[in-house]
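Subject: Structure handover

Hello,

Please find the structure we spoke about below. My notes on it follow.

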Amino acid sequence: MAVGAAATLVIALALHFFLVDAEKRHLLQRKEQAARTLAASMKLPFTQILLYEETGLVAESGLLDLYISRMAGNRDMHVSYAMVLDPEGHVLSHSDLTQFHKRLDDPLSRKALAATGMILSSVGDPFEGGVIDVATPLNVSSKRFGTLRLGYSLSGLAEEIRGLKRKVLVLTISAAALMIFFLFVAARVMARPIRRLVNALNSVHLGRLEPMPLPERNDELGDLQDSYRIMVDRLRKEEIERVKTRELLARTEKMATIGTLAAGIAHEINSPLTGAMHSIGALAKESLPPRKRDRYLKVAGESLERIRRAVSQLLDYSTVHATNFSECDLSRLVADTLELLHYQIGRSGIEVENRLPPLAVRGDAHKLEQVLVNIVMNAIAAMPSGGRLEFSHAEDGSSLTLIIADTGEGIPEENHGRIFEPFFTTKGNGKGTGLGLAVCRKIVEQHDGKISVSSRPGEGAKFFITLPRPLLMEGTHGR
Ligand SMILES: Nc1ncnc2c1ncn2[C@@H]1O[C@H](COP(=O)(O)OP(=O)(O)OP(=O)(O)O)[C@@H](O)[C@H]1O
Ligand SMILES: [Mg+2]
């Protein structure tokens, strides 16, 4: 708009100068024409007077002086001076009485005397009060009696030009102002829908995947708006697909984990089941003393309770829960995970150190438990012949980091970035899907958190899970 306005102003100014210049030239031409006409119309009477004097028809009667003084005295004729010279340049008559009987020899007079036709010469600046000097020979065919010279005054021209300049300036400024106003209105009218569309596009960038309502249009901008709607629609569909795929990946990974867990649970169930069966078998015998009866009943009851808990843990883990963000205690989740993996940990002879205080985080308890199960299962796999599994934590203002350290085989540096990629596994023979840590990362990111590893081969591995703390709990430890 600014460029348009500046261009309009420049064009208006250029137009102004061009118009004024053209009009000045035209005015000057008109003045010259008037001077010419005046000289031409006066030529005949002056020639006649000189002719009559020459032939003696009329004696010196002062006619010349009368004509000259009338011309110079008549303001409507615009004559500043007038004179009649004889062929040698002697003044026969002059509006300036002091010039009488002088012989004029200035260049302008010489030029006038030498000219065979009417000539015009400019004296002074025509636009600043100058004069047009018109000279015309007074002759009858080749007989020359003298020369008439008159100064046609241009003093009115300067005033006319000033008036003209004022008019043209007012006109050009009004035209430029009007143009700029139209430009401004047009820019506003055009910019508004563009700005609306830009806002709509920005809202997509900020995660709004619903098309913003925009007024229908039938121009190019309307096509752009249609493209915007199609784009948002496609993005929304893709986002839905992406979430679905992510959920499916997590579920697939969970199913694979459940397979491993089920084997452990089967082992966990086996011994209390044997105990319960044995007790029930003994209770079936009628001749049992009351004390023994009570003891068998207690064993059977405890065994069945252990079986119920193991089965309900597996059931709970394998159930697909809808995502539900709430405040949960991370140390409680660690304890649940250790209980679920009790058999696997015990079987590998791993020592666990868990002295976590209650740690409140905001998240989905089931999803976070899935993360913990994956990391602990990886640690167990990294320590086939025993080791230590340690849980600690670090805090800063708004977030909390859970640190899970093992003393297993460790991870080479070049794999640190890759272990979080889907399907990256070093476990051969189809033992691992390589989805465990990929799912962990997705879940942690869903919580606005971060997961990272620090490890060297042979020196164990440390996993860091940073999660935001619940807003109300800032600066405190859980509850
Ligand atoms: N605590 C750890 N110590 C050593 N290596 C580890 C540890 N945790 C993960 N890794 C390495 O990271 C790889 C990827 O782990 P991830 O959990 O994603 O897949 P996986 O364990 O191989 O398979 P899945 O978890 O699907 O059974 C593992 O194959 C292993 O090489
Ligand atoms: Mg794994």
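A backbone N or O atom of glycine 434 lies 3.0 Å from an oxygen atom of ligand 1. Bear in mind that this is a predicted model. The neighbouring entry in my notes is leucine 435, where a polar backbone atom is 3.3 Å from an oxygen atom of ligand 1. Threonine 425 takes part through its side chain instead: one of its polar side-chain atoms is 2.5 Å from an oxygen atom of the ligand. On its own, ligand 1 has 590 Å² of accessible area, and the protein covers 91% of it.

Next, a histidine. Histidine 416 sits in the loop between strand E10 (399-406) and H10. Is histidine 416 buried or exposed? Its relative accessible area is 15%, and the cut-off for buried is under 20%, so histidine 416 counts as buried. A polar atom of the histidine 416 side chain lies 3.1 Å from the backbone oxygen of serine 455. Serine 455 belongs to strand E11 (450-455).

Last, some backbone angles. Most residues other than glycine have a negative phi. Which phi does serine 141 have? The value is positive, about 40°, although serine 141 is not a glycine. Serine 141 is found in the loop between strand E4 (131-140) and strand E5 (143-153). With a relative accessibility of 68%, serine 141 is exposed, because the cut-off for that class is over 50%.

Aspartate 448 also has a positive phi, about 60°, and is not a glycine. This residue lies in the loop between H10 and strand E11. The relative accessibility of aspartate 448 is 69%, so aspartate 448 counts as exposed too.

Regards

Definitions and conventions: Residues are numbered from 1 along each chain as its sequence is written. Chains are lettered from A and ligands numbered from 1 in the order in which they are written. This is a predicted model: local features need pLDDT of at least 70, side-chain atom pairs count only at pLDDT 80 or more; totals for chains, interfaces and linings use all residues. Side-chain values use heavy atoms; hydrogens and water are left out. A polar contact is a pair of N or O atoms within 3.5 Å; within protein, one must be able to donate a hydrogen and the other to accept it, and residues adjacent in sequence count only if both atoms are side-chain atoms. Accessible areas come from the Shrake-Rupley method with a 1.4 Å probe; for residues, only the protein chains shown count as cover. Helices (H or I, at least four residues) and strands (E, at least two) are DSSP runs, numbered from the N terminus. Buried means under 20% relative accessible area, exposed over 50%, partly exposed in between (1.4 Å probe, protein chains only).
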